[in-house]
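Have the viewer open and follow along.

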Amino acid sequence: MEITRDIQLSDQELAKMELHSFLNVLNILVGELHMIRLDLEQPDALSRCHELTGFVLEAVKAGDLDQDLALRLASISFYFSRESDEALALTPAERITDDLRESMANVKSILEVMAVRLQEYFERQKTGMNWIPHSTSELEANFMKFFAAVEKNSRGRYHIQFNAAAREPGDYLVNFKIEGCDGVLLMPPVMQDVFRDLIANARKYTGLGGAISAGLLQNANELRLAVEDSGIGIPTDEIDKVVEFGYRAEAAKDRRTFGGGFGLTKAYVVTRRLGGRMWIDSEEGKGTRVSIRVPIPPEGGTKIS
């Protein structure tokens, strides 16, 4: 089904949508820091790191991330490194459990993802909707870090496999491909956010052992993006509604998520701004496919108003 719904968003909703890529990560980070403090039995441990993360999270929820807040966000890694070393130095060796080490490693992984997203955010502030070249190998590396962080955050509940021969029961099988021309893909930077959000949605609404296919392709005429899953699907009468701001399909309302429900909204709004088209094909209990096609501007993709 092609989505042609007219969506009107307030300035605050647009701001929240722009910051959607940070919301999920910050929510997870707050939870991990809380668990580490409990495991350490040190109420004041990681205090500056925890305070900064909570402060920035509230700002992001409100749709506010100015230069000062972005710098605070970037400083979280520094404070975590310093304060975690201090806390561990005060912790008896017998209390440094495997679970605690796993939580520490998980936070480091989350912060690596955060650093990439912050870099992308600054890039978007500079380039807007301009079409710029991206190295396909760098894009693939960034997305592999994303998949690794998603898996690590599961705490062993599942693994993400890219080879069917390595797949065990309960593992997600991901078919993932990025293709450009001569190792370069032309697109507005925001499309990285869109692609990642759609993959995250596919994972959230696909049960353990499911399959996800995700592809990004640029040819001479257009940018194509598709994400397909074997998940819970969307009721037919709700398909065109799921792009509304904050809307969550009835079948998905009991699923715990850390995002704001803006992923499909962002994908649709960005696609429309770029003069593209978006389709959502879904069947309850069988999965969903989201497809996007955006024409490359006549001037070769250097700029779009």
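A nonpolar core here is a set of buried Ala, Val, Leu, Ile, Met, Phe, Trp, Tyr and Cys residues joined through side-chain atoms within 4.5 Å, where buried means under 20% relative accessible area with a 1.4 Å probe and protein chains only. This is a predicted model, so local features need pLDDT of at least 70 and side-chain atom pairs count only at pLDDT 80 or more, while totals for chains, interfaces and linings use all residues. Residues are numbered from 1 along each chain as its sequence is written, and side-chain values use heavy atoms, leaving out hydrogens and water.

With that in hand, the largest nonpolar core has 50 residues, and Phe 195 and Ile 280 have the most contacts inside it. Helix 7 (residues 190–204) gives the most to this core, eight residues; helices are DSSP runs of H or I, at least four residues, and strands are runs of E, at least two, numbered from the N terminus. Leaving aside residues up to four places away in sequence, Phe 195 touches Phe 143, Phe 176 and Ile 178, among others, with contact meaning heavy atoms within 4.5 Å. There's also a second, separate core of 36 residues, which includes Val 25, Ile 28, Leu 52 and Val 60.

Now turn to helix 5. Just after helix 5, Gly 128 takes a positive phi of about 60°.

Next, the gaps. On a 1 Å grid over the protein atoms alone, a cavity is a set of points where a 1.4 Å probe fits but cannot get out, and a pocket is an open set with protein on both sides within 12 Å along at least five of seven lines; lining residues have an atom within 4 Å of a point. Volumes are the space filled by probe spheres set on the points, which are joined across faces, edges and corners.

The whole structure holds two cavities of 30 Å³ or more. The second largest cavity, about 50 Å³, is lined by Val 113, Val 116, Arg 117, Asn 142, Lys 145, Phe 146 and Arg 196.

What about pockets? The second largest pocket has about 210 Å³ of space, and helix 5 provides the largest share of its lining, four residues. Val 116 and Asn 142 are among the residues lining this pocket.
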